[in-house]
Structures are given as structure tokens and as C-alpha cells.
Amino acid sequence: LHDTFDAEYNLEAATLDGEEIKLYANTGLEVSNDLINAKYLDGIGLYRTEAWFMQQDSFPSQAEQEVWYRDILTAYHPAPVTMRTLDIGGDKSLSYFNFTEENPFLGWRGIRISLDHPELFLEQVKAMLKANMGLGNLKIMLPMVADVNEVESAKRLIQQAFFELQEEWVPAHGTLDMPEIGIMLEVPSSVYLLPEWANSVDFCSVGSNDLTQYMLAVDRTNSRVANLFDSYHPAILRVLNDIAIQCLDYELPFSLCGELAADPEGALLLVAMGYRNLSMSPSAINKVKYVLRRLHVSDMEALLKTCLAARNAKQVHRLLREFIIHHK
Ligand code: PEP
Ligand code: MG
């Protein structure tokens, strides 16, 4: 079946009624040849920088990081590469930065660690800014944002990194660009701060994995409750829909980079909600494209309406199955 999907890899992801959907890849670590050859990709929607950190024995230097980031920015240039700042804690730990917590997913994670260790954050941001010199396709994304102050502090640090480089480094090396700065929407509180984000960030991207975990209070790594972790729960679909409505209203660019986008059924519901930028595991891109190319937005919208009104995830799955059979 993969051959069927792959046959259309170089065609654009447009629905039958011509609505263009941009498909990006989630990745980390080195640039894979598959991805470089994927000229059809619209860019990297989520570059998980922690993947690199997890392979080291100590915190990488600014120079080491600059090489990694430069490689990926160059490989995809001029397509955008959205680099997420270090997102450790929760299920992701570093051997050289060990701490244990009773509730790691509610603990020291993502931006919280970066703000408590500005020296690490500044090194990372400087490496990104330097790597971006002469390219300009970098976007910076902040993980696990729950509060406006976190973004203000992070933006101040990014400014500081920029100005320090401007003084120390630019005179000998050239000019720097200030990249767009965005946030992950993955903590429920952040959804209710969209009016604030509209004035303070350049874009946002929904992390449906963590948003599902925190909305449903289900640990995404606990197999005992794995059956309860379902992004098709009507409450999750409603929050995703509300995000799209608000972002469109505020004209805040938005995308989604959780696993839901890698599932064709999830992707078609997201398109119906108004998402036009979806980022997913590279292996899912051709399949999602294949399905979207065979549907009309109006049909997806009608399906979405029934799913949003469903009582539970089971009903949503049944509606999706019927839709797919009907459109085969
Ligand atoms: C998410 O939470 O949906 C996400 C994309 O980030 P990660 O899976 O890396 O936490
Ligand atoms: Mg996340």
C-alpha cells in the first residue's frame, strides 16, 4: 500500500476543491537523505533539539550546537525550519542532568527548565541565531508554555542573545536576522491566552500529544491508561476547533505538530477545522497527502460537525470509519 501513497509524493497536497494544505515534517538529529530528497516537503514544522542533547555525555557547547543547527537549516533552505528550544523533563531525561520527580509531567519541563537555567537557553539560542546567518529560514518555538510571563522572559533572553552576538560576533562575521518566535499550544491554559499570544508571538503550533494528555489527565506513557489517551475524544476535538476559530479570528498563524496530524482521519478533521499547516512524522506524509487529495473540504466539514457533536471517542471513531468506507 505504501507504493500507492508514495506514487504521489511529488504532487501537491491539495484537496479536490483545490484547497492547499502545507505538510511539514517532525524531526530531530541529523538530516536524513529521505528528507533531503523530499522536495515536496513544505519544511520542518517541529525540530526536536532535545534529540541531540539526549545523545551527549554533557551539555553541548554553543559551537557544537551551531553545527547541528546549521546542517538542518542548510538542508531545507529556503523552506522554514521551526526549531523548538530544549524540551526535556517529563519522559525525556539527560544522563548528565539528572533529577527525579513524583509527577514529572507536571514538573520541571520544557521552557520551565530553560528559564531556570538562562545560561543554557542563551547558549542554545545563540547557536541557532549564528546557524541562521545568511540563511534566514529559522523559526524559534517555545515548548510547554503555560503563562504569559514565560514568553516575555524567553523573548527577553532571545533579545539578549541577539544583542550580545551583535556586539561580540557580528562585526567580524556579518549580519544577523531576528527569527519569528512562536509557542507550542500544549498546556490547556495556553489555549485561553490566545488573545495575549496574538499580540506577543508570531505563530503557534498545537502539540496534540501533550494537549491530549493534560486535557484528559492521562499520562501519555502509562500503559495502564493508554486506552483513555485518545485525541478523538470530543473534548479534544472541540478544543482543537476552538483554537482554529480563535487563531483565524486573531490572524495568528497556526499549525499542529502532534501525532494526530500523522493519522489521515485526524488530518482531515483538522483541515475541516481550518488548519492549513500540518507537521507529522516523515513516514506519514505521503499517506496523509494521498487521502487529502481525494476529498472535498465541504465533505470533511460535514463530517467534523457530526464528530464535534459526538458523545464520546468511540462514536467519533465510528463516524470516521463510516466516512472512510463511504469515500473509498
Ligand atoms: C506534542 O506534545 O504534541 C509535541 C508535538 O511535542 P512532543 O511530542 O515532543 O512532546
Ligand atoms: Mg509536547
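Helices (H or I, at least four residues) and strands (E, at least two) are DSSP runs, numbered from the N terminus. This is a predicted model, in which local features need pLDDT of at least 70 and side-chain atom pairs count only at pLDDT 80 or more, while totals for chains, interfaces and linings use all residues. Residues are numbered from 1 along each chain as its sequence is written, with chains lettered from A and ligands numbered from 1 in the order in which they are written.

Ala217 sits in the loop between H11 and H12, and its phi is near 55°, a positive value in a residue other than glycine. Met144, in the loop between S4 and helix H7 (148–168), also has a positive phi without being a glycine, here near 65°. Are these two buried or exposed? A residue is buried if 20 or more other C-beta atoms lie within 10 Å of its own, exposed if 12 or fewer, and partly exposed in between, with C-beta atoms placed from the backbone. Met144 counts as buried because it has 26 C-beta neighbours inside 10 Å, whereas Ala217 is exposed, with 8 other C-beta atoms within 10 Å.

H11 leads us to the ligand. Around ligand 1 stand Leu46, Arg48, Asp87, Glu186, Gly207, Ser208, Asn209, Asp210, Cys257 and Gly258; a residue is near a molecule or strand if its C-beta atom, placed from the backbone, lies within 6 Å of it. Strand S2 (44–48) and helix H11 (208–216) each supply at least two residues of this shell, and H11 gives the most, with three. Sorted by class, the shell has two nonpolar, four polar and four charged residues. In that sorting, Ala, Val, Leu, Ile, Met, Phe, Trp, Tyr, Cys and Pro count as nonpolar, Asp, Glu, Lys and Arg as charged, and the others, Gly among them, as polar.

Buried in H4 are Gln65, Glu66, Trp68, Tyr69, Ile72, Leu73 and Tyr76. They cover an arc of only 165° around the axis, which puts them on the same side of H4, the arc being that of the directions from the helix axis to the C-beta atoms. On the other side, Ala63 and Val67 are exposed. The buried residues of H4 pack against S2, helix H3 (50–53), strand S3 (81–84), helix H6 (118–131) and strand S4 (138–142). In the loop between H4 and S3 lies Pro78, and the peptide bond from His77 to Pro78 is cis, with omega near 10°.

The largest nonpolar core has 82 residues, and Ile183 and Leu270 have the most contacts inside it. Such a core is a set of buried Ala, Val, Leu, Ile, Met, Phe, Trp, Tyr and Cys residues joined through C-beta atoms within 7 Å. Helix H13 (residues 264–273) gives the most to this core, with seven residues. How many residues of H13 are buried? The count is 10 of the 10, so H13 is largely enclosed by the rest of the structure. Its buried residues pack against H12, strand S7 (254–256), strand S8 (277–280), helix H14 (285–292), H15 and H16. Leaving aside neighbours within four places in sequence, Leu270 is in contact (C-beta atoms, placed from the backbone, within 7 Å) with Leu240, Leu256, Ala261, Tyr275 and Leu278. Just after H13, Gly274 takes a positive phi of about 120°.

Met300, Leu303, Leu304 and Cys307 are buried in H15. Seen down the axis, the buried residues of H15 fall within an arc of 105°, so they line one face of the helix. They pack against helix H12 (234–250), H13 and helix H16 (313–326).

Our last stop is Leu176, in the loop between helix H8 (170–173) and strand S5 (180–185). Leu176 counts as buried because it has 20 C-beta neighbours inside 10 Å. Beyond four places in sequence, its contacts are Leu129, Met133, Phe162, Leu165, Gln166 and Val170. Leu176 and Pro264 are 88 residues apart in sequence and 39 Å apart in space, C-alpha to C-alpha.

Conventions
Two residues are in contact if their C-beta atoms, placed from the backbone, lie within 7 Å.
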